[in-house]
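Hi there,

Here is the structure I promised to pass on to you. Have a look at it first, and then read on for what turned up.

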Amino acid sequence: MPADQAVTPSLRRIIHVDMDAFYASVEQRDDPSLRGKPLAVGGSRERGVVAAASYEARRFGVRSAMASVTARRQCPELIFVKPRFDVYREVSLQIRGIFADYTPLIQPLSLDEAYLDVTQPLRDLGSATAIAEEIRARIREQTGLTASAGVSYNKFLAKLASDHRKPDGLFVITPRYGPSFVETLKVSQFHGVGPVTAAKMERLGIQTGMDLRGCTIDFLVRHFGKSGPHYHAIARGQDERPVVADRLRKSIGAEQTFERDITGWDEALAAIQPAIDKVWATYDKGGRGARTITLKVKFSDFRLMTRAASGSRPVGTRSELAIAAEGLLRAAFPFEKSVRLLGVSMSRFEDEQAEQTVGGEDLFSIVDRPGS
């Protein structure tokens with residue numbers, strides 16, 4: 001379908017805000033001696049993993065989820081700092097407060113990015129672009145950090161737009177421009193199309209948005225299952241998913257796909273720590289506790305396995321979360337095959353009891369849940 005014949009999308013106004021190298025930027029803000037230097041947030045030890053990298057480090061090829069020894073090899077001058085997730089969460093809440101001045105429809109994706117629906121804003125500045133500009137200016141003024149923003153008529157395009165001019169950029173994709181913008185991109189650049197799916201598309205001759213647009217829904221469903229209709233829609237610049245305002249969570253999770261598969265216990269134990277840190281950083285301790293910890297393991301053949309541990313009382317400290325997650329990891333070891341992904345999540349939220357402390361692993365019962 002030619003771009004000028006695309007179906008006119010519903011006229012929503014969506015902003016995607018993405019902080020620039022968030023963890024690393026906070027560290028450089030708080031320690032002036034780190035500014036302008038290649039920086040990695042994470043463990044510097046042999047089995048450490050990079051949680052975030054500054055733009056100075058990214059120029060050397062350093063990126064998140066990279067093994068620390070590899071990062072050091074890429075950039076011998078790399079400076080490692082330990083993550084401070086409590087600080088990152090505090091700054092994230094400060095930024096969230098800025099968003100709330102413009103709309104109640106805020107959907108956080110992580111500590112450093114969120115969707116905002118400003119179709120009917122609390123403060124109408126005449127356009128979503130003007131709102132995005134003011135938000136970025138206020139973030140810079142109040143936090144000393146920079147943010148990139150994308151503005152469009154749906155979530156998919158707003159996310160693409162925020163990536164288009166990072167760092168410290170703003171990009172707008174209008175309804176008229178949306179379909180033609182998508183057709184020029186490689187499918188590997190599409191948010192939601194991971195490396196495995198992108199490789200499969202390329203084997204099928206689908207390399208760009210225009211190639212994807214040429215595929216029928218039946219073809220896409222046959223090869224990609226229930227994701228087929230979504231791929232068919234985004235190839236035309238269409239995405240009807242609403243911005244879902246933050247609500248009580250049923251679970252909190254984090255996972256990491258590794259740049260190389262892991263096999264040994266020591267490297268698995270080190271690799272799971274960033275996921276534990278991220279989950280704990282976003283854990284809602286304000287009156288609600290989680291009783292179940294789940295470990296997710298994806299093997300090199302893409303088979304998925306999960307193990308869950310439930311406690312008699314809510315988890316109260318990061319140490320308790322780590323004890324449970326590491327216990328689940330130990331129960332899954334030795335691995336049947338090499339591992340490409342590890343994840344940790346917390347669930348079964350309820351009002352916290354007066355007694356919160358989990359005494360140890362013996363309070364958890366472990367349940368195997370083979371995945372598919």
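Which residues of H12 and H13 meet each other? Keep in mind that this is a predicted model. On the H12 side they are Trp 265, Ala 268, Leu 269, Ile 272, Gln 273, Ile 276, Asp 277, Val 279 and Trp 280, and their partners in H13 are Arg 318, Leu 321, Ala 322, Ala 325, Glu 326, Leu 329 and Arg 330.

Two packed helices are described by the angle between their axes and the distance between the axes. For helix H12 (residues 265-282) and helix H13 (residues 318-332), the axes come within 10 Å and cross at roughly 140 degrees. Roughly antiparallel would need an angle over 145 degrees, so H12 counts as oblique to H13. The crossing in which H12 passes H13 is right-handed.

Now for the nonpolar cores. The largest one has 36 residues, and the members that touch the most others are Ile 15, Phe 22, Phe 99, Leu 116 and Ile 139. Among the elements giving it two or more residues are strand E1 (14-19), helix H1 (22-30) and helix H5 (128-143). H4 supplies the largest share, six residues. Because domain 1 (14-19 + 86-172) and domain 2 (24-83) both contribute residues, this core lies between them.

Happy exploring!

Key
Residues are numbered from 1 along each chain as its sequence is written. This is a predicted model: local features need pLDDT of at least 70, side-chain atom pairs count only at pLDDT 80 or more; totals for chains, interfaces and linings use all residues. Side-chain values use heavy atoms; hydrogens and water are left out. A nonpolar core is a set of buried Ala, Val, Leu, Ile, Met, Phe, Trp, Tyr and Cys residues joined through side-chain atoms within 4.5 Å. Buried means under 20% relative accessible area, exposed over 50%, partly exposed in between (1.4 Å probe, protein chains only). Helices (H or I, at least four residues) and strands (E, at least two) are DSSP runs, numbered from the N terminus. Domain bounds come from an automatic or database domain assignment. Axes are lines fitted to C-alpha atoms, for helices over the stretch in contact, and angles run from 0 to 180 degrees between N-to-C directions. Angles under 35 degrees count as roughly parallel, over 145 as roughly antiparallel, 65 to 115 as roughly perpendicular and the rest as oblique. A crossing is left-handed if the near helix is turned anticlockwise from the far one by less than a right angle, and right-handed if clockwise. Contact means heavy atoms within 4.5 Å.
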